Amino acid sequence: MILVTGGAGFIGANFVLDWLASCDEAVVNLDALTYAGNRESLASLDGDPRHHFVHGDITDRNLLDRLFAEHRPRAVVHFAAESHVDRSIHGPGEFIQTNVQGTFTLLEAARGFWSSLGEADKKAFRFHHVSTDEVYGSLGRDDPPFTETHLYQPNSPYSASKAASDHLVRAWHHTYGLPVLTTNCSNNYGPFHFPEKLIPLMIVNALAGKPLPVYGDGQQVRDWLYVKDHCAAIREVLARGRVGETYNIGGWNEKPNIEIVKTVCALLDELKPDPAGSYERLISYVTDRPGHDRRYAIDARKLERELGWKPAETFETGIRKTVNWYLEHGDWVARVQSGAYREWLDRNYADRNAA
Ligand code: NAD
Ligand code: DAU
C-alpha cells in the first residue's frame with residue numbers, strides 16, 4: 001500500500017480517486033482536514049476497503065510512526081501543505097509549520113521506517129514530494145520556461161516554504177540515502193478545486209452575480225494543467241522516475257489571467273446564460289497581490305523524454321470539463337462555503353479597492 005498525505009485536498013483527492021480507479025493498491029490517506037481538506041471529495045470511496053482515511057497532522061511524529069509501523073507502506077506521496085499564496089501573505093506561520101516542519105517530520109518518520117527494512121524493500125521504497133514551479137521565482141516575458149536546473153528564487157512566503165521543503169527532501173536523499181523523487185508542477189485546475197483560487201473563484205462568483213476580482217492589470221501569466229494530467233504524471237514518476245531526480249510537470253499552456261477569466265465567462269455565457277447579460281460585465285480590476293510573480297512557465301521535456309508523459313487535455317477541453325463539473329456540483333460548492341470561507345473573502349478582498 002501507499003501512504004498519501006493531504007489526500008482530502010484538491011490535487012490529493014483527485015490523485016486518490018484516480019489511483020484507486022487505475023489499480024487495487026490500497027491507500028492510507030492522512031489529512032488534517034484544514035479549511036482546504038474536504039472528506040466529501042472522497043465520498044465515492046465510502047465503504048471501499050482499499051481506502052483508509054486517517055484524520056491527523058503531518059507534524060505529529062508519534063502518529064506517523066504508528067502509521068508506518070501498522071501499514072508498512074512501500075511509498076509515500078506527499079501532497080499535504082498550506083497552498084494558497086494570498087493566505088501566506090496574511091499569515092505565513094502556518095506555512096512554515098506545515099510545509100517546512102511538517103515535511104521535516106514526515107521525512108524523519110519515513111527515514112526511521114525505511115532504515116528498518118530489508119535490502120530489497122529499502123531499494124524499492126519511494127518518498128515522492130509534490131512541489132510547485134513557484135520555487136523558481138518569476139520569469140520575464142521572453143525568458144525560456146523553467147527547467148529542473150533553474151535557480152531557486154522563491155518570492156512569497158508560500159513559495160519560500162515549499163522551496164525549503166524541496167531542499168530538505170534533497171538533503172535526506174544525499175545525506176541518508178532515502179529514495180526520494182520530487183516533482184515541481186505548474187498551476188492545476190479541475191474538479192474539487194477550493195474556490196479561493198482563481199478559476200473556481202471566478203466560476204463561483206460569476207454564478208452568484210458577484211464581482212470577478214482581477215489583481216493588478218490581469219497580465220500575469222500562469223501555465224495551466226488539468227489536475228488529472230498532474231495525477232497521471234505523478235503515477236509515472238512514482239513508478240519509473242529516477243531516484244533523487246526532480247521532474248517539472250506543466251501543460252504547455254501559458255495564459256494571462258484576464259484571458260482565463262474571459263474564457264470562464266464565455267463558457268458560462270454558453271452553458272448557463274445570465275438574463276442580465278454576459279458574465280464579463282462582472283470583471284473588476286482590484287489592487288494587486290504584494291510581490292505578485294509576473295510569469296511562470298514549465299519546460300516539461302525531461303518528463304516526456306525519460307518517461308513519455310504528455311498531458312492528455314488541452315486547455316480548451318480541460319476548462320470545459322471544469323466549468324461543467326462546477327455547474328453539476330453546486331452542492332459541493334455550497335458546503336465548502338462555510339463561515340470560515342466567507343471570513344477569508346472579507347479578509348482578502350475588503351481592502352482591495354477597485355483599480
Ligand atoms: P490544498 O490546499 O487544496 O490541499 C492541501 C491538503 O493538505 C488539505 O486537504 C489539507 O487539509 C491538508 N493539510 C494541510 N496541512 C496539513 C497538515 N499539517 N497535516 C496533514 N494534512 C494537512 O492543496 P492542493 O492545491 O491540492 O496542493 C497539493 C500539493 O500540491 C501542495 O503541496 C502544493 O504545494 C502542490 N502544488 C499545487 C499546485 C496547484 O496548482 N494547486 C501546483 C503545484 C504544486
Ligand atoms: O504555480 C503553481 C501554484 O499555483 C501552486 O503552487 C499553488 O499552490 C496554487 O495556489 C497556484 O498559485 P497561484 O498564486 O498562481 O494561484 P491562484 O489561483 O491564487 O492565482 C492565479 C493567478 O490569478 C495569480 O496570478 C493571481 C491571480 N488572481 C488570483 C485570485 C485568487 C487574481 O487575479 N484574482 C484572484 O482573486
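Start with helix H1 (residues 10-22) and helix H8 (residues 227-240): they pack at an angle of about 65°, and their axes are 9 Å apart. This is a predicted model. Look at how the two helices cross: the crossing of H1 and H8 is right-handed.

Now show the side chains at this contact. From H1, select Phe 10, Ile 11, Asn 14, Phe 15, Asp 18, Trp 19 and Ser 22. Colour them by type: the residues of the contact divide into eight nonpolar, three polar and three charged.

**The sheet**

Next, switch to the strands. What is the order of the seven strands in the open sheet? Trace E3-E2-E1-E4-E5-E6-E10, with parallel pairing. Strand E3 (51-55) and strand E10 (246-249) are the edge strands, and each pairs on one side only.

Zoom in on strand E5 (residues 126-132) and strand E6 (residues 180-185). They run parallel, joined by six bridges. Pick Ser 131, and you will find its bridge partner in E6 at Asn 184.

Stay on E6. Is it mostly covered or mostly open? E6 is mostly covered, with six of its six residues buried. Select Val 180, Thr 182 and Asn 184 for one side of E6. Then take Leu 181, Thr 183 and Cys 185 for the other. Both faces are covered, and these residues are all buried.

Bring in helix H6 (residues 157-176). H6 lies across E5 and E6 and runs at about 155° to E5.

Move to helix H13 (residues 339-349). Which residues of H13 are buried? Select Tyr 341, Trp 344, Leu 345, Asn 348 and Tyr 349. They lie on the same side of H13, because they cover an arc of only 100° around the axis. The spacing follows a general rule: an α-helix has 3.6 residues a turn, so residues three or four places apart point the same way.

What do the buried residues of H13 pack against? Show helix H3 (85-90), helix H7 (198-207), strand E8 (212-215) and helix H12 (330-336).

Finish with two stops in loops. Most residues other than glycine have a negative phi. Here are two with a positive one.

Select Leu 33, in the loop between strand E2 (27-31) and E3. Leu 33 is not a glycine, yet its phi is positive, about 50°. Leu 33 is partly exposed, at a relative accessible area of 26%.

Then go to Trp 252, in the loop between E10 and strand E11 (254-256). Trp 252 also has a positive phi, about 50°, although it is not a glycine. How exposed is Trp 252? Trp 252 is partly exposed, with a relative accessible area of 44%.

Conventions
Residues are numbered from 1 along each chain as its sequence is written. Chains are lettered from A and ligands numbered from 1 in the order in which they are written. This is a predicted model: local features need pLDDT of at least 70, side-chain atom pairs count only at pLDDT 80 or more; totals for chains, interfaces and linings use all residues. Side-chain values use heavy atoms; hydrogens and water are left out. Buried means under 20% relative accessible area, exposed over 50%, partly exposed in between (1.4 Å probe, protein chains only). Helices (H or I, at least four residues) and strands (E, at least two) are DSSP runs, numbered from the N terminus. The arc is that of the directions from the helix axis to the C-beta atoms. Contact means heavy atoms within 4.5 Å. Two strands pair if DSSP finds at least two bridges between them. Axes are lines fitted to C-alpha atoms, for helices over the stretch in contact, and angles run from 0 to 180 degrees between N-to-C directions. A crossing is left-handed if the near helix is turned anticlockwise from the far one by less than a right angle, and right-handed if clockwise. Ala, Val, Leu, Ile, Met, Phe, Trp, Tyr, Cys and Pro count as nonpolar, Asp, Glu, Lys and Arg as charged, and the others, Gly among them, as polar.
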